[in-house]
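Work through the exercises below with the sequence and the model open. Each task is followed by its solution.

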Amino acid sequence: MALTGKLSTEVGIQASSAKWFNLFAKQLHHVQNLVERVHHSKLHQGDDWHKKDSVKHWTYVIDGKVVACKEKIEAVDERNKKITYILFNGDISQHYKVFKLIFHVIEKQDGSASVNWTVEYEKIHENVEPPYGYVEYLTKASKDIDAHLLKA
């Protein structure tokens, strides 16, 4: 059984891709006010939420349980509207050696757009389940965020 894996979900959005990317690239601290399942977030280390060396602490609900972890940015690709986050410590480290979230806003030829979330992971042992709860969480969170961005 493989210890590494990748899960993805793509959610159609109505708000502009620019608004979406701006939220995650420049206003990440507002996500806790937009998503029902995010209980709390705070800047743990650093001076700016959007610098690669900054570490954020998140508390949220996955599969009906409150979990916590730290997060930092690995890479930002503004041209392609893509950000890679690394999640670590807390509940993540109990199950995964590596856990990355890749956020990608995709503009389609027909003028529509979508948000693609990819979870790349390495389990600490083969008895750990793949993080399906995160895919469900990201799908629901994307719908909550899109509804808010449409009003803004």
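**Exercise 1.** State whether Leu150 is buried, partly exposed or exposed, and place Leu150 in the fold.

Solution. Leu150 has a relative accessibility of 43%. Buried means under 20% relative accessible area and exposed over 50%, with partly exposed in between (1.4 Å probe, protein chains only). Leu150 therefore counts as partly exposed. Leu150 lies in helix α4; helices (H or I, at least four residues) and strands (E, at least two) are DSSP runs, numbered from the N terminus.

The model is predicted: local features need pLDDT of at least 70, side-chain atom pairs count only at pLDDT 80 or more, and totals for chains, interfaces and linings use all residues. Residues are numbered from 1 along each chain as its sequence is written, and side-chain values use heavy atoms, with hydrogens and water left out.

**Exercise 2.** Which residues does Leu150 touch, not counting residues up to four places away in sequence?

Solution. Apply the contact criterion, heavy atoms within 4.5 Å. With residues up to four places away in sequence not counted, Leu150 touches Gln14 and Ala15. For Ser8, 142 residues from Leu150 along the chain, the C-alpha separation from Leu150 is 24 Å.

**Exercise 3.** Describe the annotated domain.

Solution. An unreviewed UniProt entry gives "domain: Bet v I/Major latex protein" for residues 2-152; positions are in the numbering used here, feature names are shortened, and annotations may be inferred rather than shown by experiment.
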